[in-house]
Amino acid sequence: ASLKSAQSSTTCKVFCIGDILEVQRNGKKVAAVQITSPRWPCYKIDKRCNVKQNRDQIAADQLQASVQKYCVNTSLCGLFCSVLETGNICVGDHIVLKQRIHNQLSLAYVANLCYGGDK
């Protein structure tokens, strides 16, 4: 499962591999997940944002503006989770960190190790 709603620069710096997150609504648990890895930025994000598919014909400055390239450079591609407890997640639910297993393995750090980037 991909927790796309949690994508932000703060998320990648705050969450770590192995973190156990509880999704809460009105103070009650509705689901639980464990972060397993950062997402890899695929070509589809450029397609969705109308960036040309034929990269050989894209000027260097346009390639730098690629959404995929931005995601790689900033390590902001989202994350994958293992579902520990199923449930329905809704807009407005709160994500609460319940347990941290690997304090030094932030998503941004691991993403940078996996596919590089500027940061």
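# Close-up views of a predicted chain

**View 1. Surroundings of Ile-17.** Ile-17 touches Ile-35, Thr-36, Ser-37, Pro-38, His-102, Leu-105, Leu-107 and Val-110, leaving aside residues up to four places away in sequence. A contact means heavy atoms within 4.5 Å. The model is predicted: local features need pLDDT of at least 70, side-chain atom pairs count only at pLDDT 80 or more, and totals for chains, interfaces and linings use all residues. Residues are numbered from 1 along each chain as its sequence is written, and side-chain values use heavy atoms, with hydrogens and water left out.

**View 2. The largest nonpolar core.** Nine residues make up this core: Phe-15, Ile-17, Leu-21, Val-33, Ile-35, Leu-79, Cys-81, Leu-107 and Val-110. Two or more residues each come from strand S2, strand S3 (79-85) and helix H5 (107-115). A second, separate core has five residues, among them Cys-71, Val-72, Cys-77 and Tyr-115. A nonpolar core is a set of buried Ala, Val, Leu, Ile, Met, Phe, Trp, Tyr and Cys residues joined through side-chain atoms within 4.5 Å. Buried means under 20% relative accessible area, exposed over 50%, and partly exposed in between (1.4 Å probe, protein chains only). Helices (H or I, at least four residues) and strands (E, at least two) are DSSP runs, numbered from the N terminus.

**View 3. Phe-15 in the loop between H1 and S1.** Helix H1 spans 9-14, and Phe-15 lies in the loop that leads from H1 to S1. Phe-15 counts as buried because its relative accessibility is 11%. Its C-alpha atom is separated from that of Ala-108 by 8.6 Å. Along the chain, Phe-15 and Ala-108 are 93 residues apart.

**View 4. Strand S1 and its partners.** S1 covers residues 20-25; five of the six are buried, so the strand is largely enclosed by the rest of the structure. Six bridges join S1 to S2 (residues 28-38), and the two run antiparallel. Ile-20 stands opposite Gln-34 in S2. S1 also pairs with S4 (residues 94-99) in the antiparallel sense, over five bridges. There, Gln-24 has His-94 as its bridge partner. Two strands count as paired if DSSP finds at least two bridges between them.

**View 5. The S1-S2 hairpin turn.** Two residues separate S1 from S2 in this hairpin. Asn-26 lies in the loop between the two strands. Its phi is positive, about 55°, although Asn-26 is not a glycine. At 74% relative accessibility, Asn-26 counts as exposed.

View 6. In S3, Ser-82 is the bridge partner of Gln-34.

**View 7. Gln-68 in helix H4.** H4 spans residues 67-74 and holds Gln-68. With 17% relative accessibility, Gln-68 counts as buried. C-alpha to C-alpha, Gln-68 and Ile-45 are 6.3 Å apart. In sequence, 23 residues lie from one to the other.

**View 8. The whole chain, for orientation.** The chain has five helices and four strands. From the N terminus on, they run α-β-β-α-α-α-β-β-α. Of the 119 residues, 36% are buried. Among contacts with a separation of 6 or more, 75% join residues 24 or more positions apart. The chain exposes about 7600 Å², with 51% supplied by carbon and sulfur atoms. Accessible areas come from the Shrake-Rupley method with a 1.4 Å probe; for residues, only the protein chains shown count as cover.

**View 9. Confidence along the chain.** pLDDT is the predictor's confidence in each residue, from 0 to 100. Its mean over the chain is 76, and 67% of the residues reach 70 or more. Confidence is highest in S1, at a mean of 94, and lowest in helix H3 (residues 60-64), at 51. Over residues 1-9, pLDDT stays under 50. The model has 19 contacts beyond four places in sequence for residues 1-9. Where pLDDT is low, the predicted coordinates should not be read in detail.
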